[in-house]
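Q: I would like to learn how to read a few features of a protein model. Can we go through them one at a time?

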Amino acid sequence: MDFEKLTELIIELEVDDIADAVKEALSEEKDPFDILNALTKGMDEVGRRYEEKEYYLTELVLAGETMKEAFAILQPVLAAADKSQDKVKIIIATVKGDMHEIGKNILASLLLSSGFEIYDLGMDVDENTIVEKVKETSASIIGLSSLLTMTVEQIKVVHEALKAAGLRDKVKLIVGGAPLNMQLAKKLGADDFADDAVEGVKHIKKLASK
């Protein structure tokens, strides 16, 4: 199993074949980090095609699922082999009252392939759960998704809860979702806003480097 093949399977969205391909590469004693790099190249190309309007949301969702299948096999091996510095920890969640998670799930896949440590709290997540997770993990970035106009105020609720817990200065808060823009995000207490998951990764990398 060559690395180009792994990259191609991600680009071509071969969700049914990727797990076996990763298993084959591992059975050939390929370095798990080289396998990860090959998968990441594929996701980078998917992101490029999405930005160039060659791929659309459907392809982005499928790419996320393909990456998820690959990670199910690869992650335990990576964890055992990883002797590097601590990774940047990110909590992601869809806010309370909102049951949408496609964008969040795509973001999780893209962030995993970029080497971040992800804590995905799911959807309909209240502020106390987020605060407790920050305390538990010492995550430095929180990504919140809000797809409904009626739930965007939950971003402010999370912001205030973090302040009350004395944690707001220790984390960067980035948000995304159809009703939001940068101006509204800042008004609600967030540090940053991204239009979609692909942009979200770029913004999060900048936040992580500050």
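A: Start with the helix: helices (H or I, at least four residues) and strands (E, at least two) are DSSP runs, numbered from the N terminus. This is a predicted model, where local features need pLDDT of at least 70, side-chain atom pairs count only at pLDDT 80 or more, and totals for chains, interfaces and linings use all residues. Residues are numbered from 1 along each chain as its sequence is written, and side-chain values use heavy atoms, with hydrogens and water left out.

Q: How many salt bridges are there by this rule?

A: A salt bridge is a side-chain nitrogen of Lys or Arg within 4 Å of a carboxyl oxygen of Asp or Glu. The count here comes to eleven. One of them joins Glu136 to Lys133, with the closest N and O atoms 3.2 Å apart.

Q: Why are Glu136 and Lys133 separated by about one helical turn?

A: Because they are three residues apart in helix α6 (residues 127-137).

Q: Is Glu136 buried or exposed?

A: Buried means under 20% relative accessible area, exposed over 50%, and partly exposed in between (1.4 Å probe, protein chains only). Glu136 has 57%, so Glu136 is exposed.

Q: Which strands pair with β3?

A: Two strands pair if DSSP finds at least two bridges between them. Strand β1 (residues 89-94) pairs with β3 in the parallel sense over five bridges. Thr94 stands opposite Ser145 in β3. Strand β4 (residues 172-176) also pairs with β3 in the parallel sense, over five bridges. There, Gly143 stands opposite Ile174 in β4.
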